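Here are a few friendly notes to read alongside the model. Take them one at a time, and keep the picture open as you go.

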Amino acid sequence: MPKKGGRRIGTEKEQHKPCKQAKMELCLPLLLKSDGHPESVFEDLIFPVKQNDFFREYWEQKPLLLQRDDPCMASYYSSLFQLADLKELVNEGLYYGRDINICRCVNGRKKVFNKDGKVNYVQLKKDFDQKKTTIQFHQPQRFKDELWRIQEKLESYFGSLVGSNVYITPPGSQGLPPHYDDVEVFILQLEGEKHWRLYRPTVQLAQEYNAEPEDRIGTPTHDFLLKPGDMLYFPRGTIHQADTPPGVSHSTHVTISTYQNNSWRDFMLDVMPQLVMDTAKDDVAFRKSIPRQLLMKVDLSDSSKQLSDFLRCLADHLENGRELRSSDMKKDFIMNRLPPFLENSLDSLAPDRALPKVDSTIRLRFKNHTVITVEPEQDPLDDTLRQMVYVYHSLKNKRQAHMMGDEDMNEEGVTETHGLRFPLSYMDALKQIWSGDNICVKELNLASDAEKENLVLSLWSECLLEVS
């Protein structure tokens, strides 16, 4: 992120103080003591700020700086990842580009020093010591259990993918030029100290990454030093840069990020096509032809009035209760998120020992790791489309492929999905089960006992039901 500068470390500009600082002589070892609920993990992450205060005052609005000055927190944070961990991980087979980048900010630009192929630790450490390169380690939750636990719970809390990168920077160096990101960022300082400078966004809530030249960003709104145990949050679009001060040890921090492509823009792009298709089935105006030669015109503004009328019609349908259906976002989230972090053993991912029957009482398991969608399916007999209910889950997702792009694809180049499909008539029964309460199988809203047994046995076989 950051660039080395001549500003005095540890100061904050007096005229701008949207960044809250909290120093605590005593605090709980936050995430370490969490009860495991997603909400508790997030509350521990931002402790002592309350979550309602955080979303009211900071989320998508301004930075939050927590300078904790707590040895217990510093010790816990350092256990998440250290420079010393890299040697063992490199021996497992890491690759430049995919797993590790090495870079340095030179004359306001990012210079990459990657080699080809596998990472060699001796060469990596040599570049780190001699060329003062920053080591950027991608998605450490693939290897570090505690980061897996934290990020899996945060994915359940936000309902959005949560990635991470570790940055290790030698003293007197800076890895990245000033830039802004398209993600909400939580930074945990793990080792050493990092000098940070934040600037006013040039693009509020940016939806893409961009480097910014020094002459455009102005003076920092915040200028401070992060030490082990400290946490920094800032919204997407916040311009930032950071360097490790000279004369100290290296700095290690982990950047935990979320809400990439998770805005109202993205949601509308996801649900609007199906909304238009569903409305067109009932409203003949949507099925009428567009004017002759409309597509041949340079200026399409003549159609604006008609489109405005259609949008008002869609709004009326929504206000009158037409159901919205996510085409891709729900499915993409569940297919690519982390599998559950299991405290005890992998046995928890086996089906419940009791086989469900019509007189059994059942309860949903792993609700945060499932989504229900309605999707069209082509009937192979007559080529007609029929609506089917799909239950997708992330229980069998590969931790090692998390946030790694194409690595979870099969031989045909398609991302693997895990789940079940049912007739649309099963939807009410699924909603009963997803209500979160214990329910007797015979009370499910289905026409026959055979259908009820088929539904619960299918869910049970995917480890999604407790039976009593």
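1. Let's begin with the largest pocket, which is lined by 41 residues. Leu161, Val183, Ser257, Gln260 and Met403 are the ones nearest its centre. A pocket here is an open set of points on a 1 Å grid over the protein atoms alone, where a 1.4 Å probe fits, with protein on both sides within 12 Å along at least five of seven lines; lining residues have an atom within 4 Å of a point.

2. A word on the source: this is a predicted model, in which local features need pLDDT of at least 70, side-chain atom pairs count only at pLDDT 80 or more, and totals for chains, interfaces and linings use all residues. Residues are numbered from 1 along each chain as its sequence is written, and side-chain values use heavy atoms, leaving out hydrogens and water.

3. Which elements supply at least two residues each of the pocket lining? Among them are strand 5 (162-169), strand 13 (251-258) and helix 8 (264-282). Helices (H or I, at least four residues) and strands (E, at least two) are DSSP runs, numbered from the N terminus.

4. Now follow helix 8 to its partner: helix 8 and helix 9 pack at an angle of about 85°, with axes 11 Å apart. Met272, Leu275, Val276 and Thr279 of helix 8 make the contact (heavy atoms within 4.5 Å) with Leu311, Leu314, His317 and Leu318 of helix 9.

5. Just after helix 9, look for Gly321, which takes a positive phi of about 100°.

6. Finally, the largest pocket has a volume of about 1000 Å³, the space filled by probe spheres set on the points, with grid points joined across faces, edges and corners.

Definitions and conventions. Axes are lines fitted to C-alpha atoms, for helices over the stretch in contact, and angles run from 0 to 180 degrees between N-to-C directions.
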